[in-house]
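Take a look at the fold before reading on.

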Amino acid sequence: MAKRALPVLMYHHVSPVPGLVTMSLAVFRSQMQWLAEQGWTTLGAQGLADFYAGKPIPDKSLVLSFDDGYLDNFLHAHPVLQELGLRALLFVVTGWLGDGPPRSGTAECLSHSECKRRIGAGQADDVVLRWSEVEAMHTAGSFEFHSHTDTHTRWDKQLPPGAARRAAMAEELAQSRATLVQRLGECSRHLCWPQGYFEPDYVELAAAAGFDHLYTTQRLINLPGGDTRRIGRLAVKEKPGAWLGRRLGLYASPFWGGLYLRLRGR
């Protein structure tokens with residue numbers, strides 16, 4: 001069998017309100033329906049780890065990933081994934097999540113810029129998941145939950161290089177892990193960097209904190225036996241399932257995907 005690559009797709013919002021890093025409901029359904037109809041397997045974190053370790057996985061495999069943990073993931077992405085029998089990884093910012101009952105599908109969704117404003121104003125519960133919603137999604141099997149740090153802070157923009165910056169990031173990782181263990185009973189070895197930014201020191205800190213599968217925002221061809229500390233992801237566009245199929249044809253092929261990225265680099 002020819003060597004295969006593993007595409008990892010990156011989403012943020014699935015919402016009726018347009019904005020940055022936002023997928024409309026109709027297009028998200030189109031993409032997920034296409035995956036289901038074409039027989040693609042959506043792997044969880046263990047499946048991705050198996051792939052990197054050289055273990056067999058289904059030939060048409062990919063990973064769906066979501067960043068941050070917005071309310072619309074529960075309201076609009078979760079029902080589609082559950083209906084179609086698909087799963088995704090959700091990297092949550094643990095310090096943003098609060099308590100309260102699950103909300104209904106009539107809850108208001110807001111633009112990405114307004115979500116950021118409310119989080120900054122201490123009103124994260126307006127736009128971010130609650131732990132009750134995380135538990136419902138986890139139980140349903142539509143999402144599994146992993147670390148995106150505790151506050152999503154870009155410490156390189158807050159502190160100069162050195163011990164203070166390293167200590168701040170180490171605390172982020174430790175607190176995120178402790179919260180996931182407290183709330184869900186476990187924390188995996190999978191971590192997504194805020195805004196995809198990381199430094200060599202961060203990779204070392206992540207390893208010390210128990211994270212060795214590290215997700216970036218870089219376009220990379222993910223190969224068996226590759227570096228799990230630099231997992232590439234494809235930012236998905238507001239385009240229908242057929243477009244996604246063409247992209248998967250590239251990113252699932254080491255040859256064609258590598259050629260495509262080299263040409264883009266020019």
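The paragraphs below treat a helix crossing and then the cavities.

This is a predicted model, where local features need pLDDT of at least 70, side-chain atom pairs count only at pLDDT 80 or more, and totals for chains, interfaces and linings use all residues. Residues are numbered from 1 along each chain as its sequence is written, and side-chain values use heavy atoms, without hydrogens or water.

Start with helix H1 (residues 25–37) and helix H8 (residues 241–251), whose axes come within 8 Å and cross at roughly 55 degrees. H1 is therefore oblique to H8. Helices here are DSSP runs (H or I, at least four residues). Axes are lines fitted to C-alpha atoms over the stretch in contact, with angles from 0 to 180 degrees between N-to-C directions.

H1 brings Ser30, Gln31, Trp34 and Leu35 to the contact (heavy atoms within 4.5 Å). H8 answers with Gly241, Ala242, Trp243, Leu244, Gly245 and Leu248. Six of these residues are nonpolar, four polar and none charged; Gly counts as polar.

Two cavities of 30 Å³ or more turn up in the whole structure. A cavity is a set of points on a 1 Å grid where a 1.4 Å probe fits but cannot get out, and lining residues have an atom within 4 Å of a point.

Arg154, Trp155 and Asp156 are among its lining residues.

Note on methods
Helices (H or I, at least four residues) and strands (E, at least two) are DSSP runs, numbered from the N terminus. Angles under 35 degrees count as roughly parallel, over 145 as roughly antiparallel, 65 to 115 as roughly perpendicular and the rest as oblique. On a 1 Å grid over the protein atoms alone, a cavity is a set of points where a 1.4 Å probe fits but cannot get out, and a pocket is an open set with protein on both sides within 12 Å along at least five of seven lines; lining residues have an atom within 4 Å of a point. Grid points are joined across faces, edges and corners, and a volume is the space filled by probe spheres set on the points.
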